[in-house]
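Here are my notes on this one, as promised. Have a look at the model first, then go through the points with it open.

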Amino acid sequence: NVITVKDPKRCYTAKQIEDRLIEQDWKDYIDGKPLKLKDAVGAHKIAHTNGGKTSLDNLVVISAAHNSAMGSTDGAMK
């Protein structure tokens, strides 16, 4: 049997999301289209459910629509 150890911290802060969106030049990490902060969510490159840490090196900012479509996949990875 395989056990996936999950990070107890689940969500990114609003400040972390805003800072990363600025670093991404206000563009969605998935499709590169312009993204407003109000439509943005912090996503894990490696999904939390797959053992991804809630750390800055695992944070990307994407649209809420992309985040919903990804579910628990590692789809934010480029």
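Where does aspartate 25 lie? In the loop between helix H1 (14-23) and strand E1 (40-44); helices (H or I, at least four residues) and strands (E, at least two) are DSSP runs, numbered from the N terminus.

1. Ground rules. This is a predicted model, where local features need pLDDT of at least 70 and side-chain atom pairs count only at pLDDT 80 or more, while totals for chains, interfaces and linings use all residues. Residues are numbered from 1 along each chain as its sequence is written, and side-chain values use heavy atoms, with hydrogens and water left out.

2. Overall layout. The chain has two helices and two strands, and along the sequence they follow the pattern α-β-β-α. Of the 78 residues in the chain, 32% are buried, where buried means under 20% relative accessible area, exposed over 50%, and partly exposed in between (1.4 Å probe, protein chains only).

3. Contacts and surface. Take the contacts (heavy atoms within 4.5 Å) with a separation of 6 or more: residues 24 or more positions apart account for 59% of them. The accessible surface of the chain is about 5000 Å², and 56% of that belongs to carbon and sulfur atoms. Areas come from the Shrake-Rupley method with a 1.4 Å probe; for residues, only the protein chains shown count as cover.

4. Please look at phi of aspartate 25: it is near 60°, a positive value in a residue other than glycine. Tryptophan 26, placed in the loop between H1 and E1, also has a positive phi, near 60°.

5. A nonpolar patch. Ile22, Trp26 and Leu37 form a nonpolar patch on the surface, with about 260 Å² of accessible area together. Tryptophan 26 is partly exposed at 36% relative accessible area. Leucine 37, found in the loop between H1 and E1, is partly exposed at 35%.

6. Threonine 54. This residue lies in the loop between E1 and strand E2 (59-63). Threonine 54 is buried, with a relative accessible area of 8%. Its side chain makes a polar contact with the side chain of histidine 44 (2.9 Å). A polar contact is a pair of N or O atoms within 3.5 Å; within protein, one must be able to donate a hydrogen and the other to accept it, and residues adjacent in sequence count only if both atoms are side-chain atoms.

Key
Patch = residues over 30% accessible without salt bridge, like charges linked within 9 Å, V, L, I, M, F, W, Y side chains within 5 Å. Salt bridge = Lys/Arg side-chain N within 4 Å of Asp/Glu carboxyl O.
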